[in-house]
Every structure is written in structure tokens, then in C-alpha cells.
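Open the model in your viewer and colour it by secondary structure.

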Amino acid sequence: PLEFLADHGFEIQLVPMNHPGGAYGYKISIGEKIICYFTDNEIDPPYPKSIEFDELTEKCKNADILIHDAQYTEEDMPLKHGWGHSLISQVTELGIAADVKNLIYFHHDPERSDDAMDEELRQASDTLQKNGSSVKPYFAHEGLIVNL
């Protein structure tokens with residue numbers, strides 16, 4: 001299947017993720033555009049890492065879109081540390097470090113309310129602004145469209 005996609009202009013690179021039992025994300029290049037789809041990734045796990053923060057940053061450097069697992073808040077830890085999912089704040093740090101254009105926070109905790117999600121997005125936006133970042137943040141939701 002990867003050869004078929006490559007023949008049609010899609011370059012797909014598997015990127016190892018930090019997750020119990022293993023997982024992979026995808027770096028997809030289409031012409032000049034780069035989309036990174038990194039789900040089920042714990043940026044700073046308590047178990048041996050498959051990918052370090054600097055390697056992760058390099059993989060998505062200047063991406064047009066980074067879609068990344070952002071399930072937890074600091075309050076959720078340490079109870080869920082090691083479950084294979086990242087903190088929203090860590091994903092914000094990754095977006096800044098990699099200087100991505102659009103950052104889509106994905107894999108929300110199903111226990112979190114819409115109002116709580118709106119507040120998390122506001123906090124992430126504030127952090128990006130305070131850091132002088134031009135990253136545009138989005139929290140994934142049904143019907144979300146990001147034009148490149």
C-alpha cells in the first residue's frame with residue numbers, strides 16, 4: 001500500500017510512538033505539505049522511550065499540521081502516568097519547539113466536559129501567545145476542517 005501511495009504523490013514515514021505495547025504515528029508528505037498524525041503517544045513516559053522529545057520535534061519540524069494525542073491534564077497525573085497518552089501542556093511545548101503551523105490536540109479524555117475542553121484550549125492559546133508562537137491551536141472535534 002505504501003508503494004501505491006508513493007506512486008500517487010504521498011510519502012508516508014512510520015514514526016515510533018511511546019505507548020505500552022508499541023505504536024506508530026505517521027508523517028505524511030504531499031508535495032510541499034507535511035501532516036504528522038501522532039496518536040497514542042506519551043511524550044514523557046515512565047517506561048523506556050521509543051522516541052525522545054528532540055527526535056519527535058525533528059520529525060514534525062515546520063509541519064503544516066500536527067495532530068497529537070493530548071488526553072490528560074496535570075491534574076490527571078500521576079494516576080495515569082504510563083498509560084500511553086500525553087499532557088495537553090506537553091503537546092503545546094512540542095508545537096512550539098517544532099514550530100508547526102497548525103496544532104490539533106486529539107484523543108480527548110471522554111470524562112472531560114465541553115466547557116472544560118474550551119478552557120483547556122484557552123489555556124493552550126494563552127501559552128502559545130505568551131511564547132510568541134505563531135502556532136494555530138485547535139481541539140479536534142467532529143466536522144473540523146483546516147485549510148492549507
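**Whole chain**

Buried residues account for 40% of the 148 residues in the protein chain. The model is predicted. Start with the cartoon view: the protein chain has 4 helices and 6 strands, in the sequence pattern α-β-β-β-α-β-α-β-α-β. The radius of gyration is 15 Å, close to the 15 Å that the globule rule gives for 148 residues, so the protein chain is as compact as a globular protein of that length. Along the principal axes, its C-alpha atoms fill a box of roughly 45 × 35 × 30 Å. Of the contacts between residues at least 6 apart in sequence, 61% join residues at least 24 apart.

**The core**

Next, select Phe38, Leu56, Cys60, Leu66, Val100, Leu103 and Tyr105, which touch the most other members of the 24-residue largest nonpolar core. Then highlight β1 (10-17), β3 (33-38), α3 (88-98), β5 (102-106) and α4 (114-130), the elements that give two or more residues to this core. The most comes from α3, with 4 residues.

Now centre on Leu103. Which residues does Leu103 touch, leaving aside those up to four places away in sequence? They are Leu66, Val91, Thr92, Gly95, Val135, Lys136, Pro137 and Tyr138.

**The surface**

Switch to a surface view. The protein chain exposes about 8,400 Å², and carbon and sulfur atoms supply 52% of that area. Select Leu14, Tyr24, Tyr26 and Tyr37: together they make a nonpolar surface patch of about 400 Å². Finish on Tyr26, in strand β2 (residues 23-30). Tyr26 counts as partly exposed because its relative accessibility is 35%, which lies between the 20% and 50% cut-offs.

Definitions and conventions. Residues numbered from 1 in each chain as written. Predicted model: local features only at pLDDT ≥ 70, side-chain atom pairs only at ≥ 80, totals over all residues. Heavy atoms only, no water. Core = buried A, V, L, I, M, F, W, Y, C linked by side-chain atoms within 4.5 Å. Buried < 20%, exposed > 50% of the residue type's maximum accessible area, 1.4 Å probe, protein only. Contact = heavy atoms within 4.5 Å. Patch = residues over 30% accessible without salt bridge, like charges linked within 9 Å, V, L, I, M, F, W, Y side chains within 5 Å. Areas by Shrake-Rupley, 256 points an atom, 1.4 Å probe, with all protein chains shown as cover. Salt bridge = Lys/Arg side-chain N within 4 Å of Asp/Glu carboxyl O. Rg over C-alpha atoms; globule rule 2.2 N^0.38 Å.
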